[in-house]
Amino acid sequence: MSSQSNRLTKGGHINRANPLTFSFDNKIYQGFEGDTLASALLANGVRLMGRSFKYHRARGVLTAGSEEPNALVELRQGARREPNTRATMIELFDGLAATSQNRFPSLSFDFMSVNQLFGRFLVAGFYYKTFMWPSSFWESFYEKIIRRSAGLGRAAVESDPDQYDHSHGHCDVLVVGAGPAGLAAALSAGRSGARVILVEENPWLGGALNLQNDRIDDMPATQWIEAVSKELNALENVRVMSRTVLFGYYDGNVMGALERVNDHVAPPYSDQPRQRLWTIRAKEIVIAAGAHERPIVFDNNDKPGVMLSSAVRTYVDRFGVAPGKTVAIITNNDDAYLTAFQLHAAGIEVPVIADARVNPGDLVEKARELGIRVETDCLPHEAQGYLGVTNLLLQRSDGSLIEKIACDCIAVSGGYSPNVHLVSQSGVRPVWDEKILGFIPDTPIRAERSAGACKGTYDLAGCLGEGHEAGLAAAKAAGIAVAKSAVAPQAGPQPQSSIVAVWRSPGKGKAFVDFQNDVTAADIDLAHREGMVSIEHSKRYTTLGMATDQGKTSNVNGLALLARARGEDIPTVGTTRYRPPYSPVAIGAFAGHERGVHFQPTRLTAMHRAHERLGAVFVEVGQWLRPRYYPINDKETMTQAIWREADMVRKTVGMCDVSTLGKIEVFGPDAAEFLNRLYINGFAKLPVGKARYGLMLREDGHVFDDGTTSRLAEDHYFMTTTTANAAGVLSHMDYCAQVVWPELDVAFCSATEQWCGVAVAGPRARDVLTAAFDGAIDMSNEVLAFMGVKEFTWNGATARIFRISFSGELAFEVNVPWGYGEAMWESIYAAGKDFDLIPYGTEALGVLRIEKGHVAGNELDGRTTAQDMGLGRMMSSKKPYIGLPLSQREGMADEMRPRLVGLKPVDTKNRLRGGAHLVDDKNNATHETSLGWVTSVGDSPAIGSWIGLAYLKDGPNRHGERIFAVYPLKDEVVEVEICDPVFFDAKGERLHG
Amino acid sequence: MHRIDCPWCGVRDESEFQYQGDATVSRPKFKASEEAFFRYAYVRENPRGWHTEWWHHVGGCRQWVKVVRNTLTHEIHVTGTPADKLAHPRKVKSP
Amino acid sequence: MAEFNIVTPLSHLGLVAGKGTSSAGVLLADRPGLAIAQVFAKKGKTAAVAKKLGISAEPCVATSHENYTALPLSPGQWMLFATTGADGSFQRLLEKQIGKNGYVSEQSHSRAAIRISGAKVLDVLSKECRLDLHSSVADVGFCAQTTMSGVGVLMHKIDDSPTFDLVVFAGFADSFWHWITQASAEYGVELSRD
Ligand SMILES: [Zn+2]
């Protein structure tokens with residue numbers, strides 16, 4: 001186990017009493033509770049943490065936060081392996097295992113780093129140039145090479161064992177970020193009584209305040225943070241969410257947030273989710289997202305050991321880690337001086353502060369008093385070293401070299417970029433502020449306001465004041481009465497830092513702008529020379545800002561360089577629009593619990609348990625589970641079971657669960673008129689106690705749905721729909737009743753689950769039901785003729801029996817309330833023992849209806865008309881109905897449209913296939929010669945061969961002719977005979993039995 | 001995500017609604033010409049800016065809700081019942 | 001005839017009555033056997049029906065009586081719940097009460113009612129419920145139709161502890177119950193039957 005060679009002897013918000021063991025690339029290290037993976041690795045003297053995307057250059061950590069572009073690792077192992085996690089955001093836990101990525105065979109010796117030698121081929125737009133020709137090489141060759149060499153981490157192969165959850169939040173004021181401005185905003189809004197949600201991506205509150213020695217309200221900043229945190233947590237109307245990042249700003253003032261519930265502990269998490277995806281609806285939003293420090297672009301500025309100045313400060317102050325033994329500082333503003341002072345206080349050598357400014361101001365004196373050398377008008381020329389920095393070369397702005405400084409760490413500050421990601425997502429165009437050399441938000445277009453550093457306000461008193469005001473204004477805008485006496489937290493004045501632009505320190509080497517996507521200053525110039533003058537084009541051509549870090553540290557440098565190449569100023573060039581997500585979000589978090597059995601809800605019928613007991617094999621029909629067939633033993637195949645079930649229905653009797661049909665109760669004095677307008681056939685004159693098969697069209701004249709509808713009273717109908725279309729029919733009826741004919745007095749509701757149904761079909765159907773219901777209902781032809789409906793009482797329940805038949809046999813459908821369904825099924829099943837009754841599933845049901853030429857879902861495919869189905873005679877000429885006007889159009893009424901026919905294989909050993917196309921000449925089967933297609937097929941016991949239904953041009957006039965059904969997917973050609981779609985019992989005698 | 005003010009239920013998430021298209025066309029009377037029905041079934045404007053649309057609150061009260069929405073900015077100006085006559089805002093806001 | 005057995009959408013789970021002393025963060029109870037009926041007013045008769053039944057016609061507010069609770073569903077439509085009368089007698093009673101002013105659809109068997117309470121009830125509901133259930137918005141008696149975990153839910157706030165009733169279609173009851181018990185697991189959950 002390595003010692004923590006770079007751990008300072010004191011300081012840091014870490015718990016030295018709780019050492020944690022972790023591994024990186026299988027090597028074991030020790031860190032402390034409170035560390036991040038990055039800080040723990042630095043504490044152990046590990047600078048090399050990754051290889052870059054394109055050139056496989058050695059990279060170390062650049063930042064100490066979520067903007068990290070370099071130190072991306074694979075976290076955890078096996079099924080939990082997560083690629084591209086930022087070492088700066090991974091809280092250390094005991095047993096943590098991380099692996100570097102994008103290197104082979106090892107991080108310190110990476111074979112693909114030869115890419116650096118071929119660097120001139122990998123410039124901007126290389127995807128488009130190098131790999132364009134020949135195009136056939138793309139998939140087979142280039143893509144594989146690119147994916148192997150230019151890649152990030154590997155996703156886990158196994159299914160993710162962790163749980164993810166969703167949650168929904170609502171508030172008056174959502175505060176983004178818990179730095180000084182955010183805390184002040186949460187405090188003022190919270191104190192006024194507004195419902196506040198304060199979101200902070202770090203585990204701790206305070207943001208940049210943690211790195212300052214200032215005083216607020218006469219106490220040290222860290223003490224103030226604690227006091228505020230205590231007060232906020234005590235307020236019932238405030239919810240503080242740390243370890244949570246707001247990744248997207250959406251319409252309706254809705255924000256998406258990712259809460260890292262358990263990422264900081266070792267898995268498994270028992271019943272808790274690993275992460276929770278929040279959808280937060282806010283009346284008002286205060287954005288206090290802070291600012292990102294940016295690097296300076298100079299030669300080899302990506303060597304491990306080159307870090308942002310604020311990051312160096314964070315590692316020293318927060319984690320008690322020395323990022324190096326000798327830390328050289330380069331800057332163009334005041335911020336890096338704070339870092340120098342802090343390093344000095346921690347006893348770390350600071351050989352030089354190289355300040356690009358000619359007259360930096362007072363801090364120079366302070367540094368020199370501490371014995372720190374300050375060089376003004378001084379720029380970095382080049383960082384040197386193999387796997388990490390060993391030297392820094394300094395130069396004047398005119399390019400003349402000064403000297404070589406030995407150091408193992410370079411702290412860089414190129415100024416700050418206000419974090420305008422979220423406002424930009426909301427549609428606001430950020431505007432350039434020359435004073436701070438950064439983009440700040442323009443006027444809001446949503447209910448939001450920015451405060452603090454994300455608005456370009458960098459002094460503490462200013463941040464606190466702005467946050468306070470923003471919190472009050474937001475609460476007020478959300479309708480909360482705000483006290484006028486509220487006072488902002490107070491801090492002393494600070495001098496405003498001056499800054500000088502250094503977009504590219506002179507040099508000819510590789511100077512990186514976007515570290516994660518390996519975009520150099522030269523790439524941007526090249527893109528410009530090749531015509532990519534728009535920032536949006538330049539971005540896509542060079543891939544600047546398109547990596548998982550969303551260009552947080554690189555965007556401003558990048559577009560400043562583009563502006564320089566164009567010879568224009570930065571506001572003219574403008575900035576790209578940021579898009580969600582601000583930070584990467586795992587797909588698992590988006591899916592939440594909607595995976596496995598909960599991918600969508602499952603709908604079960606009242607008789608589901610009975611089917612399970614009978615060993616049914618189920619099939620999903622929409623969300624319903626329906627028995628597909630009931631194998632009698634392990635040996636019976638699906639084909640055998642279907643054939644047996646269909647055969648037994650015709651020979652004796654079968655029962656089938658038909659509960660999934662949509663059922664709609666329709667009430668009202670205008671119910672009859674309403675149905676008359678919905679169906680192509682008449683329902684107004686349907687007598688009470690009778691059922692009728694009905695067909696509905698869409699407005700465009702195509703068939704929409706069919707079903708049997710009964711009249712229970714003058715003003716009360718009971719409608720059924722197909723299982724698949726139940727929801728659609730109800731929505732259609734809502735539209736008709738609410739929008740089209742609001743004058744009709746009609747009301748309706750779903751009764752699909754109130755009633756469940758069993759169809760009993762076959763020559764012995766009446767015998768079975770008489771026994772099952774103990775003669776509670778007379779089912780004789782005289783009392784209950786075909787299409788008759790009767791109500792009766794069974795064991796205290798209202799039951800309805802419908803004399804309808806889908807199979808063409810003597811058949812009844814019995815409906816009872818849900819709770820009686822299972823009992824009814826069992827009663828019928830038991831009574832059926834004496835009559836050789838079998839249960840049958842959807843497959844046998846399909847065979848039986850094909851034998852009778854009844855259309856179903858396959859024939860109602862949304863492109864067919866009533867005439868196509870041979871049901872044109874149902875179209876009433878006595879009344880108008882939906883779909884009538886457009887069903888008369890020439891193309892809809894054309895006699896030569898494909899129309900319903902039956903098909904039989906000429907050689908009865910052949911099988912038919914749904915989806916096969918019909919042609920006259922089997923040697924000329926093309927799209928153009930297709931005469932129609934096969935819709936449904938089945939192996940018919942009654943006919944003794946496969947049979948099928950099909951749509952065929954001029955079909956009704958071709959009965960008896962032979963054509964070919966071609967099925968290219970299986971290379972099958974079957975000669976078929978065209979026949980009437982009613983294969984069996986054409987006169988319909990059996991159903992009157 | 002749109003937040004739609006259902007006249008019955010109050011403000012609800014877009015996910016509870018089904019978008020049902022252009023609310024500026026209304027179904028012709030049965031006696032109308034085939035051409036009128038053709039236009040009703042097939043012909044739609046595709047406006048950039050303010051539009052009046054149907055959103056069916058199918059995951060809530062099942063009412064059809066009329067919504068005046070900006071197709072450019074996604075801003076919702078006003079909502080109402082099918083009987084309500086809803087006007088577009090006079091000035092078109094730029095995005 | 002086979003052994004006769006009336007089932008309810010969740011009776012296959014074999015839940016038993018709760019002890020009422022649980023320290024679980026979430027209590028889930030199946031409420032089987034409620035009488036449920038959907039009431040429709042004829043055109044122009046909404047006020048008349050509301051008056052006959054003594055219920056409010058305003059949205060999102062339940063009216064609770066000694067004998068039944070009415071949840072308004074949409075203009076002129078309510079869902080009414082009673083503890084007895086699932087055999088259809090509640091529906092017939094309401095039909096008689098409203099007379100020619102409207103219609104009543106028997107729905108006692110069509111739904112499952114799940115009662116959820118406990119200290120963590122809002123944490124569980126907010127996982128899938130997109131509505132703001134904060135007491136400043138949703139007072140006792142608040143009711144709404146919404147969608148949770150892909151299932152249509154008619155919800156009703158019973159008391160301020162808070163307790164909610166969630167009413168779902170019978171076919172989805174098993175799936176919904178499975179989800180909500182899973183969602184409650186992290187807080188500790190007690191399952192029972194009323
Ligand atoms: Zn609604």
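Strands here are DSSP runs of at least two residues, numbered from the N terminus. With that in hand I looked up B:Thr79, and I placed it in strand E6 (residues 76-80) of chain B. I keep in mind throughout that this is a predicted model.

**Entry 1: B:Thr79 and its surroundings**

I listed the contacts of B:Thr79, leaving aside neighbours within four places in sequence. They are B:Ile4, B:Asp5, B:Val65, B:Lys66, B:Val67 and B:Leu86. I also checked B:Thr79 against B:Tyr19. These two are 60 residues apart along the chain, and their C-alpha atoms are separated by 14 Å.

**Entry 2: chain B as a whole**

I counted 1 helix and 6 strands in chain B. Along the sequence they run β-β-β-α-β-β-β. The C-alpha trace spans about 40 × 35 × 20 Å along its principal axes. Chain B has 95 residues, and 41% of them are buried. Next I took the contacts in chain B with a separation of 6 or more. Of these, 40% join residues 24 or more positions apart.

**Entry 3: the zinc site**

Which residues of chain B coordinate the zinc ion? I found B:Cys6 and B:Cys9 through SG, B:His57 through ND1, and B:Cys61 through SG. The distances are 2.0 to 2.4 Å. Along the chain the donors follow the spacing C-x2-C-x47-H-x3-C.

I then checked the geometry. The angles among the 4 donor atoms are 103 to 117°, and the site is tetrahedral. The ideal angle for four tetrahedral donors is 109.5 degrees.

Are B:Cys6 and B:Cys9 buried or exposed? B:Cys6 has a relative accessible area of 1%, so it is buried. B:Cys9 comes out at 12%, so it is buried too. The cut-off for buried is under 20%.

**Entry 4: helix H5 of chain A**

I moved to chain A and took helix H5 (residues 221-234). H5(A) has 14 residues. From first C-alpha to last it reaches 20 Å, close to the 20 Å expected at 1.5 Å a residue.

Its buried residues are A:Ala221, A:Trp224, A:Ile225, A:Val228, A:Ser229 and A:Leu232. Why do they lie on the same side of H5(A)? They cover an arc of only 135° around the axis, and therefore share one side. An α-helix has 3.6 residues a turn, so residues three or four places apart point the same way.

The face turned away from the buried side carries exposed residues: A:Glu226, A:Lys230, A:Asn233 and A:Ala234. I also looked up what the buried residues of H5(A) pack against. The partners in chain A include helix H4 (180-191), strand E12 (238-241) and helix H10 (460-477).

**Entry 5: helix H4 of chain A**

I followed that packing to H4(A). This helix has 12 residues and reaches 16 Å from its first C-alpha to its last, close to the 16 Å expected at 1.5 Å a residue. H4(A) is mostly covered, with 11 of its 12 residues buried. Among them are A:Pro180, A:Gly182, A:Leu183, A:Leu187 and A:Gly190. I noted that the cover over the buried residues includes strand E8 (164-176), H5, strand E15 (275-287) and H10 of chain A. Just after H4(A), A:Gly193 takes a positive phi of about 100°.

**Entry 6: domains of chain C**

I ended with chain C. The domain assignment gives domain 1 (21-32 + 110-193) and domain 2 (35-106). The centres of the two domains, taken over C-alpha atoms, are 23 Å apart. At their contact, 8 residues of domain 1 meet 12 residues of domain 2.

Definitions and conventions: Residues are numbered from 1 along each chain as its sequence is written. Chains are lettered from A and ligands numbered from 1 in the order in which they are written. This is a predicted model: local features need pLDDT of at least 70, side-chain atom pairs count only at pLDDT 80 or more; totals for chains, interfaces and linings use all residues. Side-chain values use heavy atoms; hydrogens and water are left out. Donors are N, O and S atoms within 2.8 Å of the metal (3.2 Å for Na, K and Ca); water is not among the atoms, so sites may look incomplete. Four donors count as tetrahedral if all angles lie between 85 and 135 degrees; four count as square planar and six as octahedral if opposite donors are over 155 degrees apart and all others between 65 and 115; anything else is irregular. Buried means under 20% relative accessible area, exposed over 50%, partly exposed in between (1.4 Å probe, protein chains only). Helices (H or I, at least four residues) and strands (E, at least two) are DSSP runs, numbered from the N terminus. The expected span of a helix is 1.5 Å times one less than its number of residues. The arc is that of the directions from the helix axis to the C-beta atoms. Contact means heavy atoms within 4.5 Å. Domain bounds come from an automatic or database domain assignment.
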